[in-house]
Amino acid sequence: MPAPSRPLFLVLLLTLVLGGCASTNQLSSGPDVQPTTVAGAPESAKAEKLWQVYERYAGVPYEYGGTSARGFDCSGFIRAAFDEGLGQQLPRTTSQMLRYGEVVATDDIRPGDLVFFRIRGKEQHAGIYMGDNRFMHSSTSVGVTLSDLDGYYWKDRYTQARRFE
């Protein structure tokens, strides 16, 4: 490949790899992570059901547009988790999810709320908040995983949370 087009090729390749639901940092993951719930709290049953879905899919690879155990993008995983764990239908894409649900103040986020992140200038990544400042999502680098909201990559990219009852 000629030298002038190589940088363009690399930029295009990176754009494809990082496009859609973007993530480059895994802070913790694995099916051995136990749920954090508050005894007697209404969201405990919801969180427990979502943890069961997480345990089933932890490590499933990222696939742009993916909606199954063969591969998920971030919104595909969220939709599958809510459908399988809670019997609740959510919109398919992150931008559609941003149009619905109740906006939740940062200090009022509960397990099961969706958290959204701004990547490359627009809100295009989302996950499910699970308590203790952690959220589950499908990351482009490691697939379905658990990350920390205060993690290096996520801290400055968090934009909002929404609740779907």
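One aromatic cluster is made up of Phe117, Phe135, Tyr153, Trp154 and Tyr158. This is a predicted model, where local features need pLDDT of at least 70 and side-chain atom pairs count only at pLDDT 80 or more, while totals for chains, interfaces and linings use all residues. Residues are numbered from 1 along each chain as its sequence is written, and side-chain values use heavy atoms, with hydrogens and water left out.

Now to the rings themselves. Rings of Phe, Tyr and Trp (its six-membered ring) pair up if their centres lie within 6.5 Å; planes under 30 degrees apart are called stacked, over 60 edge-to-face, and the rest tilted. That rule gives 8 aromatic pairs. Take Tyr57 and Phe72: their ring centres are 5.0 Å apart and their planes stand at 75 degrees, so this pair is edge-to-face. Tyr57 belongs to helix α2 (residues 43–57) and Phe72 to strand β2 (residues 71–72), so the pair ties together parts that are 15 residues apart in sequence. Helices (H or I, at least four residues) and strands (E, at least two) are DSSP runs, numbered from the N terminus. Tyr57 is buried at 9% relative accessibility, and Phe72 is buried at 0%. Buried here means under 20% relative accessible area, exposed means over 50%, and partly exposed is in between (1.4 Å probe, protein chains only).

Tyr153 is buried at 8%, and Trp154 is buried at 0%.

What about the nonpolar cores? Such a core is a set of buried Ala, Val, Leu, Ile, Met, Phe, Trp, Tyr and Cys residues joined through side-chain atoms within 4.5 Å. The largest one has 25 residues, and Phe77, Ile78, Phe82, Leu114, Ile128 and Met136 have the most contacts inside it. Helix α2 supplies the largest share of this core, 6 residues. Apart from it lies another core, of 12 residues, including Tyr153 and Trp154.

Phe77 touches Tyr57 and Phe72, among others, not counting residues up to four places away in sequence. Contact means heavy atoms within 4.5 Å.
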